[in-house]
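Welcome! Please open the model in your viewer and get ready to select a few residues along the way.

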Amino acid sequence: MERRAKPKRRARGLNSPWLPLPAVGLVVVAFLLPLLILVVYSFWPTVDGEVVRQFTLDNYKRFFESSTYWQSLLRSFLFVGIAAAITVAATFPFAYYVATKARPSRRLFWILIATIPFWTSYLIRVFAWLNLLGDGGLINEALMQIGLISDPLGVLGPGKPAIVITFIYLLFPLTFLTTYIAIERMNPAMFEAASDLGARRWRRFTGVTLPIASSGLVGGFILAFIAMMGDYVTPQLIGGTEGTLYANLVINQFGNSLQWGFGSTLALLLLVSVFLLLAIMRVTAGTTDSAGEYTGAFTHKRSPVLFAYSAVFLVCLYVPIGLLMLFAFNDAETVGLPFAGFTTRWFEAVFSNLVLQDALITSLQVAVVSVGVSLVIGSIAAVYLSRTKGWRRNLNLGTIALPLFLPPVVLGLAIIIGLNALGLDRGLWTIIVGHTVLTLPIVTLLVMIRLEGLDRNHELAAMDLGARPWTAFLQVTLPQALPGIVAAAMISFAISLDEFIMTFLITGSETTLPLYIYGSLRFGLSPELNAISSLIVFVSFAFVFAGALVAVGRKRTRKIGNTTTTNYGASPR
């Protein structure tokens with residue numbers, strides 16, 4: 001008599017549609033509901049600084065009847081679009097070299113070196129270019145001192161070119177990674193096949209490389225565009241009087257103008273415009289051509305031009321940070337040339353600055369709480385999302401990921417308008433809620449990707465032996481998913497510590513570290529600010545290198561363990 005196979009037990013508790021509810025509920029309450037209130041406010045006028053709860057289209061009429069506003073939106077879209085396209089084009093050769101010319105064993109090194117600056121503070125990277133640009137910046141001063149120019153170069157002064165240079169520097173890691181991921185999966189055999197069919201180098205590039213890399217190029221453009229369009233700080237600090245973009249007009253309505261209704265209209269029209277752009281790009285980009293079967297094969301061919309470009313690219317990447325750290329030891333009372341001598345007194349001033357210490361403690365408190373909440377509810381949601389398919393999964397995933405596709409300025413404005421409508425005061429808790437909404441999608445997506453790549457046979461075997469679904473998950477699956485959870489925690493923690501644009505809008509009387517740095521920048525450049533920035537850069541670099549060393553050490557240990565096991569199990573000849 002044949003024994004009937006025992007059916008596998010389903011992890012019913014892990015497939016429960018209630019699991020993503022906390023994450024979805026947080027996004028709905030802390031983001032979608034305030035966003036809905038922002039929509040309502042856009043139909044209310046503001047009289048003498050007070051919002052009048054009376055529906056009208058006057059705010060929208062004002063936008064379209066006054067060329068100042070709609071032309072500002074169009075000019076900002078055009079300017080940001082060009083800047084994002086230049087960023088993608090400038091980083092493409094570097095990404096192509098790393099993905100196709102660098103040996104696979106060295107690609108991690110290239111990626112690490114290229115993305116380390118991304119882990120430093122956004123404001124510090126802006127500050128680094130403030131040191132270099134401007135009529136009195138280091139570049140113009142150096143060129144004049146060596147006699148190459150007699151007057152400062154206008155292209156390096158405050159204005160649109162300086163903003164583009166800074167934007168490229170700030171956002172190239174995003175465009176590099178998206179492009180690299182798309183190109184790295186290309187099978188070299190496709191190039192050989194194209195060559196065998198008589199395709200020349202340019203034809204292989206346009207017919208094979210670009211179609212495969214298109215998803216990365218479009219993704220990098222979208223990420224850069226959204227970040228630039230919602231950035232009102234970089235244009236203000238770098239561009240001077242010419243640095244006013246549409247986001248600056250929106251923020252002004254909530255400042256001295258006290259036009260909350262009209263400001264809501266401007267913010268909503270920005271949001272609608274961004275969504276329309278995303279929809280148009282989705283339709284025009286179409287689907288990505290197949291890269292063929294990914295084999296991990298590598299054909300080494302030297303490319304001195306691409307190598308030289310990549311080397312210069314990295315030099316330009318690290319020169320601003322290197323000069324910033326160098327002048328932190330300058331004994332002069334002002335930032336810049338000449339170098340008056342070596343000193344550490346600016347670092348001593350930093351360590352005795354109690355206001356700075358309080359700002360750092362506040363930033364750490366916000367990061368620990370917001371990332372902790374995101375890890376718990378985001379990981380629980382990822383368990384469900386990684387195990388199910390269908391419209392419920394797509395709806396939950398889309399809702400949780402929505403804040404990623406919106407400029408942080410819109411998120412911040414929606415929160416403060418929601419608080420105003422409810423009569424609640426801003427404080428430390430509003431910063432924590434805002435940072436949680438911002439980091440929750442990152443945690444959920446990273447943990448979900450990690451869980452989807454795991455083999456669940458061990459988990460099913462544990463349940464067949466009598467373990468409950470959640471017990472099997474916690475004791476079998478979770479340890480395997482731990483690297484993804486740790487990576488999500490590290491990335492989210494760094495983003496929380498660095499977040500400024502939204503924090504500036506939703507903070508009360510609390511001061512985080514980015515807010516302190518921004519306040520210092522508004523009063524002018526100082527050697528003490530150089531010292532603060534240098535310390536943060538040093539800690540960020542040490543943190544990333546420590547993580548890389550741990551990863552490499554684990555990989556080598558695992559390789560040695562596998563080799564030992566193989567040798568131990570091999571039979572003697």
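**First stop: a partly exposed ring**

Select Tyr309, which is partly exposed at 33% relative accessibility; buried means under 20% relative accessible area, exposed over 50%, and partly exposed in between, with a 1.4 Å probe and protein chains only. Before moving on, note that this is a predicted model, where local features need pLDDT of at least 70, side-chain atom pairs count only at pLDDT 80 or more, and totals for chains, interfaces and linings use all residues. Residues are numbered from 1 along each chain as its sequence is written, and side-chain values use heavy atoms, leaving out hydrogens and water.

Tyr309 and Phe313 are 4 residues apart in helix H13 (residues 304–326), so about one helical turn separates them. Helices here are DSSP runs (H or I, at least four residues), numbered from the N terminus.

**Next: aromatic rings**

Rings of Phe, Tyr and Trp (its six-membered ring) pair if their centres lie within 6.5 Å; planes under 30 degrees apart count as stacked, over 60 as edge-to-face and the rest as tilted. This rule gives 26 aromatic pairs. The ring centres of Tyr309 and Phe313 are 6.1 Å apart with planes at 35°, so this pair is tilted.

**Last stop: Leu270**

Select Leu270 and look for its contacts (heavy atoms within 4.5 Å). Leaving aside residues up to four places away in sequence, Leu270 touches Leu73, Phe77, Met229, Tyr246, Val409 and Val410.

Note on methods: Helices (H or I, at least four residues) and strands (E, at least two) are DSSP runs, numbered from the N terminus.
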